[in-house]
Amino acid sequence: MTVEEGEIEALVPTPRMLAWSRNSTLYRLSRRMMTERELSDAIARKSRQKFEGISEAQVKALSAAAVEFGRTMLALDDTAYAEIRTRSSARGGKSKRAIGRKLIEKGIDREIVQQALEETDDFHSALVFARKRAFGPFRRPDVEVDDKRRAKEFSAFARNGFGFEIGRRVMAMEREEAEEILADRPFV
């Protein structure tokens with residue numbers, strides 16, 4: 001074996017490595033949806049643990065092969081992931097800002113994130129959030145409302161990415177009105 005052959009071997013993953021990469025991709029994508037970056041990072045991390053003396057070029061090649069394999073299986077699609085995650089998070093009471101931040105952290109392109117967030121209604125999500133936390137119109141009747149309590153509720157809205165105006169609108173509503181709005185659009 002010459003020096004050039006040794007260098008080439010250090011760049012190209014072995015057939016065993018590629019088979020492991022495909023199997024690992026199948027396993028991961030069968031368990032949950034992932035973004036391309038999540039899959040790539042997971043394969044890179046695990047390949048460094050599994051194969052002793054693996055080169056960085058081989059790690060990158062295995063990650064790229066895993067992502068390509070996931071795409072050809074139609075099990076890896078960042079656009080679909082963003083849309084599904086956005087709808088689910090909005091139904092759970094998350095703000096556009098919080099949803100967008102989380103999707104960008106997961107490695108989804110900003111344009112895809114913006115397209116997914118276009119139809120999201122922050123007001124409806126804020127109502128869901130208020131119902132979950134028993135704030136504003138969903139507050140229990142035995143709870144006394146003072147400035148400290150009101151400030152705490154507004155702070156919770158702000159920490160979860162809702163603007164002051166949306167928080168103010170939710171807090172000013174009556175319970176019947178809020179429940180009616182939520183009943184009109186149960187699965188946004």
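Predicted model: local features only at pLDDT ≥ 70, side-chain atom pairs only at ≥ 80, totals over all residues.

Colleague: How is a pair of aromatic rings described?

Modeller: Two quantities describe such a pair, namely the distance of the centres and the angle of the planes. In this structure, a search of the whole model finds seven aromatic pairs. One of them joins W20 and F51, with 5.5 Å from centre to centre and 90 degrees between the planes, an edge-to-face arrangement.

Colleague: Where do W20 and F51 lie in the chain?

Modeller: W20 belongs to helix α2 (residues 15-31), whereas F51 sits in the loop between α3 (36-50) and α4 (56-72), so the pair ties together parts that are 31 residues apart in sequence.

Colleague: Is W20 buried or exposed? And what of F51?

Modeller: Buried means under 20% relative accessible area. W20 has a relative accessibility of 16% and therefore counts as buried. F51 is buried as well, with a relative accessible area of 6%.

Colleague: What is the geometry of the rings of F129 and F162?

Modeller: The ring centres of F129 and F162 are 5.9 Å apart and the planes stand at 40 degrees, so this pair is tilted. F129 lies in helix α8 (residues 122-133) and F162 in the loop between α9 (147-159) and α10 (164-172); the pair therefore ties together parts that are 33 residues apart in sequence. Both F129 and F162 are buried. Ring pairs also link F129, F135, F157 and F162 into a cluster.

Colleague: Which residue forms a salt bridge with R175?

Modeller: The partner of R175 is E179, and their closest N and O atoms are 3.0 Å apart. R175 and E179 are separated by about one helical turn because they stand four residues apart in helix α11. R175 is partly exposed at 36% relative accessibility, and E179 is partly exposed at 37%. Elsewhere, salt bridges that share partners join R32, E38 and K106 into one network.

Colleague: Which residues gather in charged patches on the surface?

Modeller: A patch of negative charge on the surface is formed by E174, E176, E177, E180 and D184. E176 lies in helix α11 (residues 175-184) and is exposed, with a relative accessible area of 56%. A patch of positive charge brings together R85, K94, K102 and K132. R85 is found in helix α5 (residues 78-91) and counts as partly exposed at 31% relative accessibility.

Colleague: How far apart are the C-alpha atoms of A126 and A172?

Modeller: A126 and A172 are 46 residues apart along the chain, and their C-alpha atoms are separated by 13 Å. A126 lies in helix α8 and is buried, with a relative accessible area of 0%. For E83 and M73, 10 residues apart along the chain, the C-alpha separation is 19 Å. E83 is placed in helix α5 and is partly exposed, with a relative accessible area of 38%.

How values were computed:
Residues numbered from 1 in each chain as written. Heavy atoms only, no water. Patch = residues over 30% accessible without salt bridge, like charges linked within 9 Å, V, L, I, M, F, W, Y side chains within 5 Å. Areas by Shrake-Rupley, 256 points an atom, 1.4 Å probe, with all protein chains shown as cover. Salt bridge = Lys/Arg side-chain N within 4 Å of Asp/Glu carboxyl O. Lys, Arg positive; Asp, Glu negative; His and termini not counted. Charge placed at Lys NZ, Arg CZ, Asp CG, Glu CD. Helix = DSSP H or I, 4+ residues; strand = E, 2+ residues; numbered from the N terminus. Buried < 20%, exposed > 50% of the residue type's maximum accessible area, 1.4 Å probe, protein only. Phe/Tyr/Trp six-rings, centres within 6.5 Å; stacked < 30°, edge-to-face > 60°.
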